[in-house]
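Subject: Handing over a structure

Hi,

Here is the structure I promised to pass on to you. Have a look at it first, and then read on for my notes.

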Amino acid sequence: MLVKPLKIKHHSLTGRITIERVRKAFLNVKRNRGAAGVDKQSIVMFEANLEQNLQALLSDLKTRGTFSPHPLKRVRIDKGNGKFRPLGIPVVRDRIAQDVLRQLLEPLFEPLFHPNSCGFRPNRNCHQAIERVLDIWREGNRYVLDADISGFFDNIPHHVIMTGLSNVVADGNILGIIERFLRSGVMEDGVFKPTTIGTPQGGVISPLLANIALNYLDWHLHEHGLNFVRYADDFVVLCPSEEQAKEALVLVGAFLNTHLELKLCPEKSQVTTFSEGFAFLGFDISSRAVTMRPKSIEKFKDKIRELTCRSYNLDSYRIMRVNQVIRGTANYFATPFSHNRYLFTELDKWIRVRLRCMKFNRKWKTDNRRLRLKHFKNKGLLSLRAFYHEPA
């Protein structure tokens, strides 16, 4: 029987901050690349004077009350349908500091997290989350609470995060640095805006803080005997009966409101069934099949459209860029549990039509004979269908 782990206080984490750990954090940040923050300093610029910058950061992190993060650079990512996701980009120095904190805190909290939490954790991913959903369904849980928290990252109260941290961490310096990160504010269009609530998407440590906050919900569901799978703020609860699923909806809403000061989005939170199907982590899941959801298909097509305008030349560079999109999509959606063979075949045909239009500046059926499949293979064009796995 799964038992909720005991919380043990950890002291003197500051003493574990070493130059080796700071160097490792820099390499992690460099590997993830990313844009410059409000100070306009890129990773290359930071690396030009690397040892001095890392030693200065090490000193600030180890001296209580010294480290002061910069405001975040606010950018907005188009989600489609006229909606935008706000991201906060820290400066390079702050990203390194956050990664140092992540290295310190992650091993302490990992044993405390629920096994059905799959987001932003070591050796866990979206595919495992979906496979777990399918396993729970096969156990006879055919009713689904498809839940959506309204603006989770923007609305999670700081005191909820800090309480979750202080239950485990007793180092005042570390807690102080994290609290200053949460309150560092954002710069948008040259205007500073304070942050009194929320943890920004885009920060290195934000996913860990989100898991710390939602760990309360995970164990609350577990203690009520409910099967669930969570990936960051996206989660589903699976039940054997419609009545239990509706009770779960009430239970989740009440807990979020009372303990986390959050709300379920009424338009996006619903009780459904595997027969009707539901969307989770980019897939449409039903008792019949697991397929790429229409929204994901449109995102894929939009990327291909950007790369295959008729004004571009059909050359090796263009094929390489298209292949990057194909490979990234296939790596995520061509899984042993998905059923995308027909869809992938149709998308491959659609891509070739786009490329022929680039070549001949028109769309005409006879062009299929002028630029055959063999030609695209010789050019090195990848095929989504070639990545497909037959479902187990």
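How many aromatic pairs does a search of the whole structure find? There are 12 of them, where rings of Phe, Tyr and Trp (its six-membered ring) pair if their centres lie within 6.5 Å, with planes under 30 degrees apart counted as stacked, over 60 as edge-to-face and the rest as tilted. One of these pairs is F26 with F46, which is stacked, at 6.0 Å centre to centre and 25° between the planes. Because F26 lies in helix 1 and F46 in helix 2, this pair ties together parts that are 20 residues apart in sequence. Both phenylalanines, F26 and F46, are buried (under 20% relative accessible area, with exposed over 50% and partly exposed in between, using a 1.4 Å probe and protein chains only).

Before going further, please note that this is a predicted model, in which local features need pLDDT of at least 70 and side-chain atom pairs count only at pLDDT 80 or more, while totals for chains, interfaces and linings use all residues. Residues are numbered from 1 along each chain as its sequence is written, and side-chain values use heavy atoms, leaving out hydrogens and water.

Back to the rings: F152 and F153 have ring centres 5.2 Å apart and planes at 80°, so this pair is edge-to-face. F152 is buried at a relative accessible area of 1%, and F153 is buried at 10%. Elsewhere, F283, Y332, F333 and F337 make up one aromatic cluster.

Two rings have a charge over them (NZ of Lys or CZ of Arg within 6 Å of the ring centre and within 35 degrees of the ring normal). K301 lies over the face of W350, 5.1 Å from the ring centre, and the charged end of R318 sits over the ring of Y312, 4.0 Å from its centre.

Now for helix 1, which covers residues 19-32 (helices are DSSP runs of H or I with at least four residues, strands are runs of E with at least two, and both are numbered from the N terminus). Its buried residues are I19, V22, A25, F26, N28 and V29. They pack against helix 2 (43-47), helix 3 (50-62) and helix 4 (92-109), with contact meaning heavy atoms within 4.5 Å. Just after helix 1, R33 takes a positive phi of about 55°.

Finally, the strands. Strand 3 (residues 143-148) pairs antiparallel with strand 7 (residues 234-239) over 6 bridges (pairing needs at least two DSSP bridges), and V144 stands opposite L238 there. Strand 3 also runs antiparallel to strand 8 (residues 270-273), joined by 4 bridges, with T273 as the bridge partner of Y143.

Best wishes

Technical notes
The expected span of a helix is 1.5 Å times one less than its number of residues.
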